Amino acid sequence: MALIENTVYPKFKKSYSPQELERLYTLKEAEHDFMLNKAKGIEQQFTLALLLKAQQHLGYLINPNEAPKQIQVYLAKQLAFEEVAVLRKGSSSKKTFYRYHQAIREFLTIYSWSAGGKALAEKVVNETAYTKSDPADLINVAIEGLIEQRFALPAFSTLDRLVRHQRQQVHDELYQNVCVDLSEAQKEKLDQLLIVDKHKTISDFALLSKTAGSTSLKNMRAWAERLEWLTNLINPEPFTKVLTHTKLRQFAAEASIELNEIKAIANPLQRYTLLLCLIQQAQVSTKDTLIKMFLDRMRNAHTNAKKKLLDLHEKHQELEEQMMAIFSQVLDRAAKDSSPESLGLEVIKVLEHSGGVEHLQNDYKKVSAYHNKNYLPLLWDKFKSHRATIFKLLDLLDIKAASQDELLLEALSFIKKHQYQHKNELPFEINLGFYSQRWRQFVQARGLLKRRELELCVLSHVADCLRNGDLYVEGSETYPDSRKQLLPWEECLLYLEGYCAASGLASNAKDFVQELKTKLSSVAKEVDASFPDNTELSIDDEGKPHLKRLLAQAKPEGREDFKQDVRRRILEKEHHLLDIIKNGQHWLNFSRHYSPPSGSQSKLSNAELYYIFTVFGYGCNLGASQTERHIDGTLTRRSLKRINDQHINSLKLSKSNKDVINAYAQFELAYHWGDQSKAIADGSHIPLRENNTLGEHHIRYGRYGALAYHHISDNYIAIFSHFIACGVWEAVYILDGLFKNTSDLQPDTLHADTQGQSEPVFALSYLLGIKLMPRMRNWDDVYFYKADSSHYYEHIEGLFDKTVNWKLIETHWQDFMQVVISIYKGKVTPSMILQKLGVYSRKNKRYLAFRELGRVIRTLFLLNYISDKPLRIEIRAATTKVEAFHNFRDWLRFGGDTITSGDPVEQEKRINYAMLIANIVMLHNANDLSNVLLQMKQEGKTVTPCILVKSG
């Protein structure tokens with residue numbers, strides 16, 4: 001059975017604000033006349049009015065005695081009744097109530113459940129059950145359909161029974177369709193998965209849910225063998241093709257249970273279907289993991305080669321100085337003696353005295369080999385240990401081109417063909433038009449191709465093209481064919497006018513370019529005109545802008561005394577963290593989102609208690625074992641782990657967080673602390689054990705681990721969190737937080753640090769209606785672009801380096817709109833697009849176009865930044881807030897800094913647990929502070945908005 005709290009089924013709240021009462025329960029003139037005409041007597045009129053307004057509010061007719069007293073009093077005052085008159089049980093006949101019901105339905109033009117409502121609900125639930133499984137989702141669909149068609153809602157229990165019946169019918173049909181062609185031999189193979197062989201300690205079924213470790217050579221080999229095993233096990237696609245993608249994922253999630261539970265499923269067709277879905281999901285995730293391992297290995301090889309180059313530069317510095325000294329001696333001899341013969345003898349003496357020509361030539365080769373940051377000769381040593389495994393891995397993956405250009409795939413086939421040869425030179429039999437001049441010099445020699453160098457070149461380009469979408473892997477979810485991800489342009493046209501009108505963009509290429517060109521010219525002209533009055537900005541002879549450091553803002557008078565007074569009062573209300581979580585549960589019932597994979601109501605005897613301890617244990621990073629030790633046997637480690645594994649996932653934690661955020665947004669105090677239309681994005685380092693795919697040594701933090709990437713509302717509460725690898729550019733995920741956030745706080749301005757911006761990010765933000773305002777440490781090294789080369793600016797001319805390529809932007813306007821409308825309709829996420837735009841590709845015209853548009857938007861931002869001091873103050877303050885959140889979250893994770901799990905799914909959950917704990921504490925603090933401030937006001941103390949802002 002579904003919980004009513006998990007659905008949108010309308011019900012009375014505990015209390016209503018005056019505004020809500022006025023909006024929902026104010027009688028209009030026509031409603032007042034209706035009441036007088038249909039009911040005689042004060043009690044009957046009041047009852048009819050209450051039934052009428054409740055029907056409009058809730059969508060169904062109620063028992064009048066169930067209406068909150070607050071609503072009764074509000075209606076009685078409108079009707080000028082001295083006392084609230086409510087029908088008592090049995091004080092009116094069923095016939096009277098039936099007459100009232102009929103009259104209300106006729107007045108509001110509403111149809112009864114029996115007059116077609118049930119048939120409609122069965123139809124929409126049946127259709128939706130092919131894509132959704134959660135009973136709460138199906139009930140919501142039924143409610144939406146009934147309200148839209150003006151049917152009265154039945155009792156919740158009636159809807160719940162209908163949904164369970166329809167869902168079971170659809171599932172039985174799907175089980176039958178999936179298994180109809182399943183042979184007896186294949187069924188036996190699936191049954192064998194559930195048997196623990198006497199030579200093994202676990203079943204093959206348990207291996208299906210296994211997660212990857214690090215990108216070590218051992219794990220890469222093991223995971224390649226895993227894909228071979230899964231491929232030879234059974235091909236589930238011919239059977240699961242009758243399922244939608246979402247249904248397949250839901251069934252796979254249902255199958256992620258313990259061995260005895262899946263054995264206990266009575267319907268064999270259901271068991272086979274769940275197993276087939278789990279196998280297919282395992283095949284997909286294994287392919288994605290192998291691709292990621294390959295990409296990580298290639299990235300690490302390049303990173304380590306660059307580090308080795310830096311070490312060599314330091315090592316060769318003394319050698320370079322020695323050679324420069326020798327060259328200086330040669331110059332001295334040349335300055336003193338102009339005779340060629342004698343000069344030659346002097347030079348020979350210098351060279352021989354320095355070790356001889358051959359020795360100096362060897363030294364020169366050592367030094368010159370790695371000039372101009374040429375680390376390519378160092379790659380082989382960082383790659384060779386993984387070479388055989390990488391070739392095996394690539395043989396298992398079906399890599400294809402996302403365009404007609406297949407030169408790289410031909411080169412990949414060529415190196416595969418010659419991978420077992422020992423000679424280091426290959427015939428020049430392929431077209432290598434995809435590589436750069438530096439690679440050409442590295443790979444080619446005397447009209448031949450150097451085998452090792454060619455392998456490194458081709459595999460490095462394959463890795464880049466998988467990242468940017470020029471290549472894709474068949475059967476992969478993370479690296480699919482990008483052409484199929486976007487909405488077809490014909491479908492985009494249906495939404496184009498509406499999207500452009502809502503976002504303020506021109507609906508054709510010519511006007512789009514003209515508007516941007518005019519805006520860039522206008523802003524540049526304004527900044528140039530204001531330059532003489534801008535005492536904060538100076539421009540040096542090289543055209544580099546310089547801004548004066550921002551000074552700290554003055555503190556309001558009485559701020560420290562106010563803070564100490566508040567702190568003293570708050571400490572009197574000190575709470576244990578478990579009490580705070582318990583209070584949050586009492587206020588919001590956030591655990592209602594947690595349930596078994598089937599979506600049915602939990603059968604735990606004391607579910608709330610179990611869920612509170614699970615959130616506490618994992619949110620504070622204690623884990624199941626440590627939590628068990630600290631709760632006096634209330635729960636076992638096994639119970640906590642089972643709840644975490646099967647009842648709670650990242651999506652459900654996000655729903656809980658939404659409840660907390662929405663409650664926090666109700667406090668007036670939160671609006672004194674920040675602007676709800678703004679958010680800040682930033683990542684913080686999270687240590688990991690060296691046994692997982694996300695872990696990596698981060699150059700900026702100097703430690704091993706990954707990044708918790710948070711989006712924080714300007715009033716401090718976290719609205720979105722994501723876990724990403726250290727090697728990933730943070731800007732890839734900067735926009736996801738705003739699109740995946742479904743809370744009442746919906747910011748459209750986004751702050752970030754230098755890692756949160758790039759030219760494509762500026763472009764996509766603009767197209768999506770998001771104002772990106774990052775803090776850029778090295779912004780003075782960024783190019784400024786003119787709208788037109790003929791424009792001249794008296795004061796800021798030195799800022800501009802280049803002119804915008806408007807033709808490129810106009811040509812690719814359709815690409816821009818196809819991408820953003822696909823994001824708007826939920827077909828793709830911003831991060832999926834930015835991953836493909838985050839790797840330079842000369843062939844990827846979409847990347848070049850987004851980069852050019854981003855140059856325009858970033859120039860506009862920088863012009864505003866250097867001329868607007870309040871904007872600079874705002875950006876600096878925003879980055880301070882997100883650092884405060886990081887410190888606060890780390891303080892709550894007293895179980896330790898390191899996430900011990902190597903499962904990327906579990907790592908993501910741990911970050912969401914921590915975010916939920918932090919947000920609950922912030923909600924509790926907002927409640928306590930609001931009560932303290934109210935008490936201070938009642939005592940006659942001065943509480944000004946300025947002090948609240950500065951003390952926030």
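At 7% relative accessibility, Cys-465 counts as buried, where buried means under 20% relative accessible area, exposed over 50% and partly exposed in between (1.4 Å probe, protein chains only). The model is predicted: local features need pLDDT of at least 70, side-chain atom pairs count only at pLDDT 80 or more, and totals for chains, interfaces and linings use all residues. Residues are numbered from 1 along each chain as its sequence is written, and side-chain values use heavy atoms, with hydrogens and water left out.

The closest cysteine sulfur to that of Cys-465 belongs to Cys-457 and is 11 Å away, too far for a bond. Cys-457 is buried too, because its relative accessible area is 0%. A disulfide is a pair of cysteine sulfur atoms within 2.5 Å, and by this rule the count is 0 disulfides.

Ile-539 sits in strand S6, residues 537-539. Helices (H or I, at least four residues) and strands (E, at least two) are DSSP runs, numbered from the N terminus. With a relative accessibility of 23%, Ile-539 counts as partly exposed. Beyond its neighbours within four places in sequence, Ile-539 is in contact (heavy atoms within 4.5 Å) with Phe-531, Lys-544, Pro-545, His-795, Ile-796 and Leu-799. Leu-799 is 260 residues from Ile-539 along the chain, yet their C-alpha atoms are separated by 7.8 Å.

Gln-818 belongs to helix H36, which spans residues 813-824. Its relative accessibility is 14%, so Gln-818 counts as buried. Leaving aside neighbours within four places in sequence, the contacts of Gln-818 are Leu-486, Leu-487, Pro-488, Trp-489, Cys-492 and Arg-846.
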